[in-house]
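The points are grouped by topic.

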Amino acid sequence: MTEAGRPTIAPALEMRGITKRYPGVVANDRIDLEVRPGEIHALLGENGAGKTTLMNVLYGLARPDEGQILLDGQPVTIAGPSDAIARGINMVHQHFMLVPVLTVADNILLGEETMANPVFLDRREAHRRIVELGRRFGFEIDPEAKVGSLSVGWQQRVEILKALYRRARILVLDEPTAVLTPQETEEIFAVLRRLAAEGQSIVFISHKLYEVLEIADRITVIRRGRVVGERRPAETNEDDLAEMMVGREVQLTVDRGESHVAGPVLEVSGLHVRDDRGNEVVRGVDLEVRAGEILGIAGVAGNGQDELVEAIIGLRRPWSGGVTLGGRDVTGHSPRQMNEDAVAYVPADRHRFGLVLGFPLSDNLVLTSYYRRPYARGVIRDDQAIIRDAEGSVERFDIRTPGVTVKASTLSGGNQQKAIVAREFDRDLKLLVLDQPTRGLDVGSIEFIHRQIIAKRDVGTAVLLVSAELDEVLEMSDRIAVMYRGRIVRILDGRSADKNEVGILMATGGEERATAPGITEATA
Amino acid sequence: MSAATGARPPFSAARLARSAWSVVALPLVSILLSFVVGAAIILVSQLLVPNQRFDWALPITAYHALITGAFGSFDGLVATLVATAPLIFGGLSVALGFKAGLFNIGAQGQFLVGALGSVYIGVIISGAPSVVAIPLAVLAAIAAGALWGFIPGILKAWSGAHEVVTTIMLNYVAVAFLAAAVSGPLKVPGSPAPVTYDVGNAAFPVFLGRTGHLGILLALVFVALIWWLLYRTTWGFEIRTVGANPDAARYAGMHPRVVTVFTMTGCGVLAGLAGSSVLLGVTHTMTSSFGTTVGFDSISVALLARSNPIGIIFAAILFGAMRAGAPLMQIQAQIPVELVDVLQATILLFLVASPVLRRLFRLRGVQSGLGSTETIARTYGGEATVR
């Protein structure tokens, strides 16, 4: 409180010298964080930098080994999440904790019931408060709407409303924009600004630099469990923040260079695909990916992209329509056949599909080629060849691991993904299919994988890139196909495409120009 | 970047001991605890017997007799090995299933039909020279067991019928089948009891003591064979991949359904061999009471060994020794042989409750055997439960 020019009121939240050790790692090393009333304070760091641990400490999920938490200047001990909520600390998780079949009001009341008497809920009072809170912060919501029928952006608002209903004073948002379109992001930012203006303190966790610069009043950057600096948006920029976050200079945008496009490699025509429940989720897709180009598919998650890719790669049988590879019909070919035809696939869910976590890294590196020479002669495995080539891959793809015989589960997400990339990229390919190739990875790994993708394109491989990260699609693609409700609604040039235009297409399919935000069930 | 080139950590005896301990700690603790529970039961049960002096040392007497009976003499040792052989086969059968994410509760049924196949062919060719008769009788067991494993395998691959359900059903079918065969077509005509003819020359030769038969060696050969199959062949890699992550297996171009059918068939073969090792090695004939509980004990053996083929040898010896030592325990301490069932069941209970044990005894998770426990957990509730 000695610093001149600072308001005399105590910070709403102060974390002093928080240290949290886990066996073998110091997740938080003497972290200081101060959030003033009405401030939006961004916590910026890569995955694994210690953001989540710090918030778990704040939320009472982890007990710090050292350090102190002060609320309004008073030292407190937070016993657990319910204690944290009682003290006005609320968290909006990246994956919403909502019950889709219940109404907005039911979800908000869950765990914080407003009672008319000891037996019955006071629904009328609850409704009144929900509507009033919504109105106060600029989003009116129908308390009787089913949460499952709301768009992701509105579901997030329900989460925020839940916190406000519990009289939150400090609101923690963990990667809130990860699932939103650019428009939805703008809308949620407006809500956050309004909350801050009303005196709410907000901790905004993110690894997206431009967002942090746009929304935050102050930015605390942490790296490897330590605070490496604090900045105001006015006194910094993306490059500066990236360098602080990663610890070295990083190239934020890939230099994709010129593409040399040749003839078509993959042709998809009139493809219809159903999901596991029998719903038609790909509804007549026509696509062409040419040699030496990256075709990016932009779309909000769940618009049929995964099923489209699975049908191309042979994991899912198309309902109707055709897939050709270099002019040859490969509709319904198995993953093994596609693999033999020089098609590689990086699946969206690396834990479910891409790796066998309990197996050694070396076995994972031959997961799709274990039956071929030199890894097997007949049915007999050649462990020496497997290990030798694994060591080569580790070297060339910079997979950080104590050895090739450690389990894949012990590697970090970035290194797991590099292992998949090493396995799938390390041969001559006609077609490379990538589904969310950098989801959840650190900046360094993303940079590396992007460069590998560009390198593949430059040797004439056709690349199909699906990503929910619009920025990734915009940065990488030579052409962009926007997918909406199982159809490709528009194909744009990758260099001239405008982010907002793509965002609107993603959200509406381009059918209604006026962007009515909120309830998605507008068009059939 | 020397750290990334896969340099092995330097050898250290302490490190080796620690990793060995992390593998065997849980089974050992389970075994010890089950003996403690057994001792408590022995003590309490004395109160139920009227006019008997309470003997604090009775558990010690009983366990001493159990161990002496199993290991105290050459004959006892051979009896232990004879009881161990079918448990090794059975344990391998269940373990192979676990590796592919399948819970083969049907080892008992496969065991019975295997024995039935052996006795059927064995009786027919009982007069032929042993070099011909033995292989044929063993092949009959393999074929019968294979069929009993193939059926649940194909049902699962085709219709998704869960193997836990179908193999339990087939156990009942096998029991009924055996009873019908022994009291009908295979029965010695005119015999008052339902019993078959002797397998004669198809019987396993004895090479150790008075009862140590060929089946013991055969079991060890199969341990090596299954280990080799699982860890040195691409088939084994496919089996383990399907078991550990069926989605990744499909992605990798494997065919989980085909692997399921093959693996279940293999499980049946192994359990069928367990049947032949009892029939051709010990009983030589079949009665309607043929059976014991080898197939069910095999599940415990596989769990205790964490599905590790080498571990199965030790787990099977433990269970075999209890069976072999129990009669002496009954004679010397008047404790019924059924105590052995109680001990085996409690071992299983403690293993299944392993999270509780780990917490109580501060045992760290096994680093090398993770796959098998995950697989087991997955087979209980179908593939959708884990992650």
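In chain B, helices H1(B) and H14(B) are roughly perpendicular to each other, because their packing angle of about 95° falls in the range of 65 to 115 degrees that counts as such. The model is a predicted one.

- Helix H1 of chain B covers residues 13-48 and helix H14 of chain B covers residues 354-361; their axes lie 11 Å apart.
- On the side of H1(B), the residues that meet the partner helix are B:Leu26, B:Val29 and B:Ser30, and H14(B) contributes B:Ser354, B:Leu357 and B:Phe361.
- By class, the residues of this contact are 4 nonpolar and 2 polar, with no charged residue.

**The contact between chains A and B**

- In the contact between the two chains, 25 residues of chain B touch 31 residues of chain A.
- Helix H8 (234-244), helix H9 (246-251) and helix H15 (370-381) of chain B are the elements that each give two or more residues to the chain B side.
- H8(B) provides the largest share of that side, with 5 residues.
- The chain B side consists of 11 nonpolar, 8 polar and 6 charged residues.

**Overall form of chain A**

- Chain A contains 17 helices and 22 strands.
- Its radius of gyration is 25 Å, close to the 24 Å that the globule rule gives for 524 residues, so chain A is as compact as a globular protein of that length.
- Along the principal axes, the C-alpha atoms of chain A fill a box of roughly 70 × 50 × 45 Å.
- Of the 524 residues in chain A, 45% count as buried.
- Among chain A contacts between residues at least 6 apart in sequence, 69% join residues at least 24 apart.

- Strand S13 (residues 294-298) and strand S21 (residues 479-484) of chain A pair in the parallel sense over 4 bridges, and A:Ala298 stands opposite A:Val482 in S21(A).

**Backbone features in loops of chain A**

- A:Ala342, a residue other than glycine, has a positive phi near 65°; A:Ala342 is located in the loop between helix H10 (335-340) and strand S16 (343-346) of chain A.
- With 16 other C-beta atoms within 10 Å, A:Ala342 is partly exposed.
- A:Gln436, a residue other than glycine, has a positive phi near 50°; the loop that holds A:Gln436 runs between strand S19 (431-435) and helix H15 (443-458) of chain A.
- A:Gln436 is buried, because 23 other C-beta atoms lie within 10 Å and 20 or more are enough for that class.
- The peptide bond that joins A:Arg373 and A:Pro374 is cis, with omega about 0°.
- A:Pro374 is found in the loop between helix H12 (361-365) and strand S17 (376-377) of chain A.

Notes:
Residues are numbered from 1 along each chain as its sequence is written. Chains are lettered from A and ligands numbered from 1 in the order in which they are written. This is a predicted model: local features need pLDDT of at least 70, side-chain atom pairs count only at pLDDT 80 or more; totals for chains, interfaces and linings use all residues. A residue is buried if 20 or more other C-beta atoms lie within 10 Å of its own, exposed if 12 or fewer, and partly exposed in between; C-beta atoms are placed from the backbone. Two residues are in contact if their C-beta atoms, placed from the backbone, lie within 7 Å. Ala, Val, Leu, Ile, Met, Phe, Trp, Tyr, Cys and Pro count as nonpolar, Asp, Glu, Lys and Arg as charged, and the others, Gly among them, as polar. The radius of gyration is taken over C-alpha atoms; the globule rule is 2.2 Å times the number of residues to the power 0.38. Axes are lines fitted to C-alpha atoms, for helices over the stretch in contact, and angles run from 0 to 180 degrees between N-to-C directions. Angles under 35 degrees count as roughly parallel, over 145 as roughly antiparallel, 65 to 115 as roughly perpendicular and the rest as oblique. Two strands pair if DSSP finds at least two bridges between them.
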